[in-house]
Amino acid sequence: VSFLIPECGILPEMLKSTIADVGEYYLVRNLLLHELVTHEFIDTFVKKGSCYALTYNTKIDQDNTAALLPTGKLILSVDKDTYEELGLQGRPSQYSGKKVMRHIITIDLTDSSFHPDSKKHKRVLWALKEKKPLEFDFLLAWSNTGAEGSTLMSYFPKNQIQALKPKITFSTLRDLQCPVLQSNELQGKPEESCSTEELFEWLGAVFSQVSLDNKSSSFLSTYCCPQPNTIVEQAFLCTITGFIIPEKIIQLLEKLCCYFDEPKLAHWLTLTVHGFADSPVSWRESEHGFHKGGENLYNFVVFRNLDYWLQMAVGTNDACPP
């Protein structure tokens, strides 16, 4: 997650507290996948809040991967051999080509027919525990609705789980060339404002620390800020890296909108959220693929009058966002 505020030198206290409260997440080593489908885990975490899990250090185009969504659906992306060994119902990956080498299996942990005594639950548990045990390192996060009870830290053995905090970096960009934007001009106007596409490309350059000077001697980039533009004395850039749940991103977006409650020099600000390149899903439950890259991200541009732009982007092997 990254946000950029032009004409901002000092971060407001309300944003500082929101960033500090972005929450921790957990790394669980050598977790057998069947432990996520036990009725104890489902009753404790899946049904009492929003539980998120994603396999760690797995490659979507090479390895078996899994993700647990807050909807209670466990989605597996497995190779052909694993799929045949598991014997669970799935569908061919839409990015397999003519020869199907990967399958997607979806298990709804909250389905009424998936109770502990059901044939479906016993079948899934047997497949994952006895037939083909799958073991991964998992990133886990849980947002409950205020209910007291277990925590992820107490649920798993101490030698298996590690609490992690997102990495936060702040930087002040001085004399930054910024495109001129008008909230009601998505396509831009010659000599008046830049388009959404030009802004998106410019943001990529800023986040990647690419020079905007367009020097002919540069071997890396001849990119320059789109026209028209203005030079801002200083801009504030913050990047938060980690397994960040949507509830925290919504809180951050709301606080950023409150930034304009008091008179400010900034005319707009941006919030960019990058998904994991090797997640088996991108938007909602859409299958995520990896061609030359696993990009999936969205960007909010919030204006002083609280108009906003929402930009969404995916890689080649992905369906268009909803």
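So, Met 312 is partly exposed, because its relative accessible area is 34%. On that scale, buried means under 20% relative accessible area, exposed means over 50%, and partly exposed is in between, with a 1.4 Å probe and protein chains only. Before I go on: this is a predicted model, where local features need pLDDT of at least 70 and side-chain atom pairs count only at pLDDT 80 or more, while totals for chains, interfaces and linings use all residues. Residues are numbered from 1 along each chain as its sequence is written, and side-chain values use heavy atoms, with hydrogens and water left out.

Back to Met 312. You'll find Met 312 in strand β14, residues 308–314. Strands here are DSSP runs of E, at least two residues, and helices are runs of H or I, at least four residues, both numbered from the N terminus. Together with Tyr 308 and Leu 310, Met 312 makes a nonpolar patch on the surface, with about 290 Å² of accessible area for the three together. A patch takes residues with over 30% relative accessible area and no salt bridge; nonpolar side chains (Val, Leu, Ile, Met, Phe, Trp, Tyr) are joined within 5 Å, and like charges within 9 Å. The areas come from the Shrake-Rupley method with a 1.4 Å probe, and for residues only the protein chains shown count as cover.

Okay, now the inside. In soluble globular proteins, nonpolar side chains tend to be buried together. How many residues does the largest nonpolar core have here? It has 35, and Leu 33, Phe 41, Leu 74, Leu 109, Phe 138 and Leu 152 have the most contacts inside it. By nonpolar core I mean a set of buried Ala, Val, Leu, Ile, Met, Phe, Trp, Tyr and Cys residues joined through side-chain atoms within 4.5 Å. Apart from that core lies another one, of 24 residues, with Phe 3, Leu 11, Ile 240 and Val 302 among them.

Let's pick out Phe 41. Leaving aside neighbours within four places in sequence, Phe 41 is in contact with residues including Val 46, Cys 51, Leu 68 and Leu 152. Contact just means heavy atoms within 4.5 Å.

Next up, Ile 75, in strand β5, residues 73–79. Is Ile 75 buried or exposed? Ile 75 counts as buried, because its relative accessibility is 3%. Beyond its neighbours within four places in sequence, its contacts include Thr 65, Ile 104, Pro 280 and Glu 285. And look at Ile 75 and Glu 287: they are 212 residues apart along the chain, yet their C-alpha atoms are separated by 9.5 Å.

That brings me to Glu 287 itself. Glu 287 is buried, with a relative accessible area of 6%. Its side chain meets that of Arg 91 in a salt bridge, 3.4 Å from N to O. A salt bridge is a side-chain nitrogen of Lys or Arg within 4 Å of a carboxyl oxygen of Asp or Glu. This pair links distant parts of the chain: Arg 91 is in strand β6 and Glu 287 is in the loop between β12 (268–274) and β13 (296–303), 196 residues apart. Arg 91 is partly exposed, at 35% relative accessible area.

A polar contact of 2.4 Å joins its side chain to that of Ser 93. That term means a pair of N or O atoms within 3.5 Å; within protein, one must be able to donate a hydrogen and the other to accept it, and residues adjacent in sequence count only if both atoms are side-chain atoms. Ser 93 lies in the loop between β6 (91–92) and β7 (102–108), and Ser 93 is buried, with a relative accessible area of 8%.

How many salt bridges does the structure hold? There are 10. One of them joins Lys 16 and Glu 13 at 3.5 Å, N to O. Both lie in helix α1 (residues 13–20), 3 residues apart, about one turn of the helix. Lys 16 counts as partly exposed at 39% relative accessibility, and Glu 13 counts as exposed at 56%. Lys 120 also pairs up with Asp 111, their closest N and O atoms being 3.4 Å apart.

Last bit: the backbone. Most residues other than glycine have a negative phi, and most peptide bonds are trans. Now look at Gln 227 and Pro 228, joined by a cis peptide bond with omega about -5 degrees. Pro 228 lies in the loop between α6 (196–207) and β11 (229–241). Asn 30, in strand β2 (residues 25–32), has a positive phi of about 50 degrees although it is not a glycine. Leu 306, in the loop between β13 and β14, has a positive phi too, near 70 degrees.
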